[in-house]
Amino acid sequence: MPEAVDAVPDPTRPRISPLEIIRTVVLIVALASLAIWGFSMWDFPGGLVFGIGTPAVVLLVWALFLSPRAVLQLHPFIRAAVELLIYAGVTLAWWSMGQAWAGIAFAVVAVATGVVTGRRNLR
């Protein structure tokens, strides 16, 4: 007979907020955007290197400095600067593909999410 599922939430389990979900979606869109940029803007050998390498480097930087369980803890302002550099890179990638409006839309959503997240972390 299966055990009954307890209706009381586990206090040791972290609560996931909608803001964290949006931040994760922004990261996934950033990685996909950089992969599209790498594969579309370069010829075969370079496209493969940039299409896989650029998102991998950004994911590594995110894991080291920006993730909730970051390996290296940075001052909040340096952390924000690293996050802004990633967002600026993705925006420039969209602009270089001739999609300026997509770059602007990404930048607005990403920076707004980063500002709200940063303000919550300063509390």
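In this predicted model, the contact between helices H1 and H2 (contact meaning heavy atoms within 4.5 Å) brings Arg23, Leu27, Leu31, Leu34, Ala35, Trp37, Gly38 and Phe39 of H1 against Gly47, Leu48, Phe50, Gly51, Ile52, Thr54, Pro55, Val58, Leu59, Trp62 and Leu66 of H2. The residues of this contact comprise 14 nonpolar, four polar and one charged, where Ala, Val, Leu, Ile, Met, Phe, Trp, Tyr, Cys and Pro count as nonpolar, Asp, Glu, Lys and Arg as charged, and the others, Gly among them, as polar.

H1 spans residues 18-41 and H2 residues 44-66, and the two pack at an angle of about 155° with their axes 6 Å apart. H1 is therefore roughly antiparallel to H2, a term used for angles over 145 degrees. The crossing of H1 past H2 is right-handed, that is, the near helix is turned clockwise from the far one by less than a right angle. Axes here are lines fitted to C-alpha atoms, for helices over the stretch in contact, with angles running from 0 to 180 degrees between N-to-C directions, and helices are DSSP runs (H or I, at least four residues) numbered from the N terminus.

Four aromatic pairs occur in the structure, a pair being rings of Phe, Tyr or Trp (its six-membered ring) with centres within 6.5 Å, and edge-to-face meaning planes over 60 degrees apart. Two of them are set out below.

| Pair | Centre distance | Plane angle | Class |
|---|---|---|---|
| Trp37 and Trp42 | 6.1 Å | 90° | edge-to-face |
| Tyr87 and Phe106 | 6.0 Å | 80° | edge-to-face |

The pair of Tyr87 in helix H3 and Phe106 in helix H4 (residues 100-122) links distant parts of the chain, 19 residues apart. Both Tyr87 and Phe106 are buried, which means under 20% relative accessible area, with exposed over 50% and partly exposed in between (1.4 Å probe, protein chains only). Trp37 is likewise buried, at 17% relative accessible area, whereas Trp42 is partly exposed at 38%. Ring pairs also join Trp37, Trp42 and Phe50 into a cluster.

Pro76 lies in helix H3, which covers residues 76-96, and with 41% relative accessibility it counts as partly exposed. Between Pro76 and Arg119 the C-alpha to C-alpha distance is 9.7 Å, although 43 residues separate them in sequence.

Residues are numbered from 1 along each chain as its sequence is written, and side-chain values use heavy atoms, with hydrogens and water left out. As the model is predicted, local features need pLDDT of at least 70 and side-chain atom pairs count only at pLDDT 80 or more, while totals for chains, interfaces and linings use all residues.

Conventions. Angles under 35 degrees count as roughly parallel, over 145 as roughly antiparallel, 65 to 115 as roughly perpendicular and the rest as oblique. Rings of Phe, Tyr and Trp (its six-membered ring) pair if their centres lie within 6.5 Å; planes under 30 degrees apart count as stacked, over 60 as edge-to-face and the rest as tilted.
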